There are 2 protein chains.
Amino acid sequence: MTVSMHAASDGFLYDQVTRHVLDLVEKGTLKPGDRAPSLRGLSKQLKVSISTVNQAYSALQDLGVLRVRPQSGYYVDGQVPQSQQAQLPRKTTNSRKPRKVRFGELFEEIFTVANDPDVVPLGAAVPATELMPVKGLLRATQRAASRHPEKALEYCFPPGNRDLRHEIARRYVDLGLSVDPDDIIVTSGCSEALALSLETVTKRGDIVAVESPTYFSVLRLIERMGLLAVEIDSDPQTGICLDALENVLETMDIKAVVGVLNFSNPIGSMMPDAAKQRLVEMLSQADVPLIEDDIYGDIHFGDQRPGIAKCYDKRGLVLTCSSFSKSIAPGYRIGWVIADRYRKDLMEWKQATSSAMCSLTQMAMADYLRSGEYDRHLVRLRSAYRLQVEKMRFMLLKHFPPGARITSPQGGFVLWVELPRGVDALELVNRALRENISLMPGMMFSATRKYRNYVRVNCGTPWDARIENAVVRLGELLREMDGENAESSSAALADG
Amino acid sequence: MTVSMHAASDGFLYDQVTRHVLDLVEKGTLKPGDRAPSLRGLSKQLKVSISTVNQAYSALQDLGVLRVRPQSGYYVDGQVPQSQQAQLPRKTTNSRKPRKVRFGELFEEIFTVANDPDVVPLGAAVPATELMPVKGLLRATQRAASRHPEKALEYCFPPGNRDLRHEIARRYVDLGLSVDPDDIIVTSGCSEALALSLETVTKRGDIVAVESPTYFSVLRLIERMGLLAVEIDSDPQTGICLDALENVLETMDIKAVVGVLNFSNPIGSMMPDAAKQRLVEMLSQADVPLIEDDIYGDIHFGDQRPGIAKCYDKRGLVLTCSSFSKSIAPGYRIGWVIADRYRKDLMEWKQATSSAMCSLTQMAMADYLRSGEYDRHLVRLRSAYRLQVEKMRFMLLKHFPPGARITSPQGGFVLWVELPRGVDALELVNRALRENISLMPGMMFSATRKYRNYVRVNCGTPWDARIENAVVRLGELLREMDGENAESSSAALADG
């Protein structure tokens, strides 16, 4: 039985139980070997049924957090090295020099293997298809095709399918945002939304401020478009450091800021809503557009869907990009951008570079969203992603050498791992790839190719023996590399 | 009964009959009022059944070429002004100065109305859905989704679905071209193929040579990317004038040539294969890449599918772009590019700007192509397009003022109309749009905004009363405009 199956059956109540127990363990209230609260006691305390607690405990056992002792009950598992639990990767400091970005072939291979079923998918941030609403979406596709067969084959020119834009606009109401469906431009995934936004607000040679570490596709775009990147210090919990950004805005001619404010990729940080407001006000003052990538916003582990910068945007300077690629169907390529004052110009870019959009998948997505299934699906999905992330974090801490630091994101499904200084993460990635395990090297997330001792780990796939073996093997590889280093150092000493 | 229904039922034999009669009329062998060859005689001469000749004659009657006299047989219709039949638009001469391109809102509205069922679709080059293989393609879509439901939702990263690339490669065998499926990069329609090609081979400020008139999306791309366009004289029958191009290559630092060599948009010219060879050799000598847009290549009215420049490319300098948007499904957005020596760089642009492609429509298209239905469909489609183009040409000559010159393309489905000098085509387009008739003004097809007395007419829709009324009305609008001009001239004379 996989973690995701537990997650799929219960929803919020069940979430509440696992969260409660994980909190007790993470804060050290419950230590390894301690007895977990009794089923009956917790059921009473949290006002949920005993069977819900039972299911949650069973999942926590899968997670490696609890262990069952026959005739005795649940105990906290003693195997997680307690001392490492709270150690997040350090906030990095960045030189304030704008840099050209160079990529080359660094990740050609990682994407080539992304769809290879023989490779353990810890590389690209790809959600497992078993977590996606395959049946629901294909039913919606079938409905759309039978209702409007001709429309499915016809051109659908920008800004895209009106019903879909209406459904997307409707989802912003919960964030207190009133979006006109005509302000939404449908794109081929969030990738195209980001590309069009950057094309619209910058020109060759301009300086763009980005988080550090940054989602590599943004860096790749910056490279391709001949822009310069300034990397802004970012905190693993709260994201872009606003004081650092303010300083950069005062001293440089920044033409745009790009950021994943909710569950940043790779560090998983979430900028508090008050900070988002300060960010928007700061950029508004400086008259600099913000390109916010909200692709992970729906995948929050807490109860509240975090806000977006657009909520605080009074001058139309925020371009909000997103997609359903991480939550419904990567392969349907339904993304969008709300470009506000840049709408007209962005539409022209869209018309020039890719013009019409795939009609059938837009019609299907509109139908799926209208059916109301998405919200129910999201409850299950968020729960599954959270358990996968937590399980991966526990297992990495268990199997990686002491000194590894790992983020503890509140959403999304990637982990950012700081390995001991001196570890060559690219070497680890290459060795792992030879054993059919994919990983992302940290240097891909920086214009200056730093983060050489970091890796990003995808947690989009439900835990299973194959992933467990891969994590164990990664730990072994790290120890092997450490041994070789020690050898070559002592050889060097002997030589010297 | 519409023309397309005749066309759909008969195929090649039937085509042969209509072509034969049209030739006799166009060459003046048969004049208005002459009796058409007898059914029996023609059946014997062309070695086809009497019923095939009968069907063809019935279609020619719909076309307005023949008229039936009860008890007497078929006669050539006397209404087509004989004197205008052979008049093609003149070859234009172009200044050799590289130009910035400016578009603005010129065609925003034309695309906004492109999907509006209330507007007569003579503007955008949109094929009528009734000509598309709706049932066959949706069946293929359904098959693909049921066989591989999970794959339909998964990311499909560049270069795209392997089965689809294999099917596309297979189609080049008939042109004597051996294409490795891995050399094909699937794109979002031909638009994205062209955009990626231009991004790959040029940078801001570079000069690009284009046909004149040129497909407006190419001009739009040139504008957006900050390139300069040099317009090369082109012949309505053979396309880009190679001597003019040679001269430009010798005197300017041209970084790329873009052309629709088969059934150019808008003039419908087809460059003879020998000229294609000379073009490739010339560019090879000059080390300049050719971006060939072959989107209309499959829609040839003659028996032979024309070759492509790629057939003569020994140095990998030709980027061949195409799509199924004009022949199978505009809304499936399946285009591709064979980028040869530029493949790696183009792949990086693709990954940076839109990354993965829609999975389901690629799977469906691969399945549809594999089924073999496409070739049968193409026979019907080419026949339908040809009749629509010929009917439109006849009717425009009939209803437009004397002096109008109209192309006689050998493929594709657009007509390029040169109106009498002094006619403001943009004014005509605006008046027509107010009466729910869309048209493309000629100036959209030039970087220098010339072709002010030209319009492009889409013939993608089977002839019906609505289109006929629209053509009649366009003729009236032209006469009204002429009357107003005459009035204001005489008023000016009176004033003076």
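1. How many Å separate the centres of domain 1 of chain A and domain 3 of chain A? In this predicted model, the distance between these two centres, taken over C-alpha atoms, is 37 Å. The domain assignment of chain A places domain 1 at residues 3–79 and domain 3 at residues 132–374, while domain 2 is made up of the segments 83–91, 102–129 and 376–495.

2. On the relation between the copies, chain A is superposed on chain B by a rotation of 180° with 0.0 Å of shift along its axis, and the RMSD of that superposition is 0.1 Å. That is the relation of a two-fold axis.

3. The contact between the chains draws 47 residues from chain A and 47 residues from chain B. On the side of chain A that touches chain B, at least two residues each are supplied by α6 (134–147), α7 (149–153), α9 (189–201), α10 (216–224), α13 (343–353) and α14 (359–370). By residue class, that side of chain A divides into 25 nonpolar, 14 polar and eight charged residues. Because 100% of the interface residues of chain A are also interface residues in chain B, the copies meet through the same surface.

4. Within chain A, strand β5 (residues 207–212) is joined to strand β6 by six bridges, and the two strands run parallel. A:Ser212 stands opposite A:Asp233, a residue of β6(A). Is β6 of chain A largely enclosed or left open by the rest of the structure? Six of the eight residues of this strand (residues 228–235) are buried, so β6 of chain A is largely enclosed by the rest of the structure.

5. Chain B holds an open sheet of four strands, in the order β12-β13-β16-β15, with antiparallel pairing. The edges are taken by β12 (405–406) and β15 (440–441) of chain B, each of which has a single partner strand, so one side of each is left without a neighbour in the sheet. Helix α15 (residues 373–399) of chain B packs on this sheet, where it touches β12, β13 and β16 of chain B, and its direction makes about 20° with that of β13(B).

6. In that sheet, strand β13 (residues 414–418) of chain B is joined by five bridges to strand β16 (residues 454–458) of chain B, the two running antiparallel. B:Trp416 has B:Arg456 as its bridge partner in β16(B). A further helix of chain B, α16 (residues 425–434), lies across β15 and β16 of chain B, and runs at about 40° to β16(B).

Notes. Residues numbered from 1 in each chain as written. Chains lettered and ligands numbered in written order. Predicted model: local features only at pLDDT ≥ 70, side-chain atom pairs only at ≥ 80, totals over all residues. Least-squares fit on C-alpha atoms with pLDDT ≥ 70 in both. Contact = placed C-beta atoms within 7 Å. Nonpolar A, V, L, I, M, F, W, Y, C, P; charged D, E, K, R; others polar. Domains from an automatic or database assignment. Pairing = 2+ DSSP bridges. Axes fitted to C-alpha atoms, helices over the stretch in contact; angles between N-to-C directions. Buried ≥ 20, exposed ≤ 12 C-beta atoms within 10 Å, placed from the backbone.
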